[in-house]
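Here is a short report on charged side-chain pairs. Have the sequence and the structure open as you read.

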Amino acid sequence: MPAQKVYRHTVGARFAHWLWALAILVLVMSGLQIFNAAPYLDASDKNDVSHRVLWFRAQLVDGKPQGTTTVFGHPFVTTNVLGYTDDGAGGKASRAFPGWVTLPGEQDLADGRLWHFFFGWMLVVAMAVYLVSAFARGSLRELILRPSDLPKLWPMQLYYFRLRKEPPPHGTYNPLQKAAYTLVLFGLFPLVVLTGIALSPGADAALPWLTPLFGGRQFARLWHFVFMGILVAYTFGHLLLVVTTGAWNNVRSMITGWYVLGRHDGVGP
Amino acid sequence: MKRRLFLASSLASLGLAGCSSVKDALTQGPLRSVLGSAQGVDLTVIGTRGLAREYNESAITSDFPLDSLDTPTDTTYAGLQRANWAPYRLVVDGLVARPQRLSLAELRALGTLTQITRHDCVEGWSAIGKWTGVRLSSVLALAQPAQHARFVVFHCFDRDQLGNTYYESLNLHQAAHPQTILATDLNGKPLAPDHGAPVRLKIATQLGYKSAKWVQRIELAANLPGSGGYWEDQGYAWYAGI
């Protein structure tokens, strides 16, 4: 019997997916470049060392530079990884995040901002394209988590843990997929964009409700970083599932739109 | 075997260096103007709207950070400082009907106001200060900009180690904003030399690098000189509201 194919992803969804992928990669790398210019986060509406929750520094210890990461007041030696790292030009320097993970590689706040603000808009464009195309096709209905899905979340998790033979009955997407996509689409993406906009003095004047919503500019900077971290963790989980549930079938379906039904139905990324 | 090792290690280092140079080539290539196009979107979407947040006295940062070029040390500036700014004249010229040379007293006589606003640095930190000064719009009204004047350019006393002079610019809309002031006092005291004495620009709706310290001359112009400012010439966005 020939493999049964379903048309799973519309052209709008596929375009949005790859634009998201590119935008998130560029935004994280250029964001770390921007972060390096002030390598600390304060849980306060303004800078305040007594409310510092994260701080990357290079300190001289016995005449040698040592990378130090201070988390909630607890210092850790992180030389060569964080604090004192690769300067992106073949040497080492006092830098929070190393050059290989920042965009551009060398310390360059101006160009980091150039990348970040262009791809920030790209994230918004991808969101708009996705929502319009999904709404037009009516596929948002299949994706959004509903109250009726809640009792199925734990059985689905048991199935992922191989503690249950069959997944609970569901539609195109399983309850955990729905929960993940709903949280990312309507939680994480808007929050990461809004906390980013809240850092801007022009936006704080134009939209005066926004920055206080997150506790002030420095708090918004902390949240922006936290949401970035969650988004990166989600992306790694997503990639893990892509690879373990039929990598080629998954990637191909996100390029051509066609998904071949098989043993991984409904447990994909 | 050695040859293979050599090949492998050169390929590896090429790969590492390549990654960095690819990132640089992407940034400096034709893509740069595409990336820069977002600035126009920012200016249109956010621009200069509304009023910057004002704070209570209790929110003031006690030790306002210094983050700029070095305080000028040239003989002109040092001489003015020694004379307690008495010979200082703020020059307003360029495309204006009535060029001005204002002493500090004449400047203050235009009417001062005090505002406690947040200073947002492009690096990411912020500090809150109490600024007293004169609205830039009052000074411009005195000088009467010509019809074809579009930009206000601030020429400053400070210069970098290569001798490049600091300058900044705003468009007339940003200059007319009620919280765009020529500050003479910080936290109730005349500006210290390190904070831009005797007169600095303070624009509350944009990042710190727009708020030029040590303002010497204000020029009305039809076009921007260079990219519109010292940091702009080094790749920073002219619109610094974001």
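Predicted model: local features only at pLDDT ≥ 70, side-chain atom pairs only at ≥ 80, totals over all residues.

Side-chain values use heavy atoms, with hydrogens and water left out.

Side chains of opposite charge can pair when their charged atoms come close. Here a salt bridge is a side-chain nitrogen of Lys or Arg within 4 Å of a carboxyl oxygen of Asp or Glu. The count over all chains is 13 salt bridges.

| Salt bridge | Closest N and O atoms |
|---|---|
| R52(A) and D42(A) | 2.7 Å |
| D185(B) and R108(B) | 3.8 Å |

Take R52(A) and D42(A), which form a salt bridge. R52(A) lies in strand 3 (residues 52–61) of chain A, and D42(A) in strand 2 (residues 40–42) of chain A. Strands are DSSP runs of E, at least two residues; helices are runs of H or I, at least four; both are numbered from the N terminus. R52(A) and D42(A) are both buried. Buried means under 20% relative accessible area, exposed over 50%, and partly exposed in between (1.4 Å probe, protein chains only).

In chain B, D185(B) forms a salt bridge with R108(B). D185(B) sits in strand 7 (residues 180–186) and R108(B) in helix 5 (residues 104–108), so the pair ties together parts 77 residues apart in sequence. D185(B) is buried at 13% relative accessible area. R108(B) is partly exposed at 33%.

D120(B) is buried at 1%. R118(B) is buried at 8%. Both belong to a network of salt bridges that also links D204(A), R217(A) and R53(B).

Note on methods. Residues numbered from 1 in each chain as written. Chains lettered and ligands numbered in written order.
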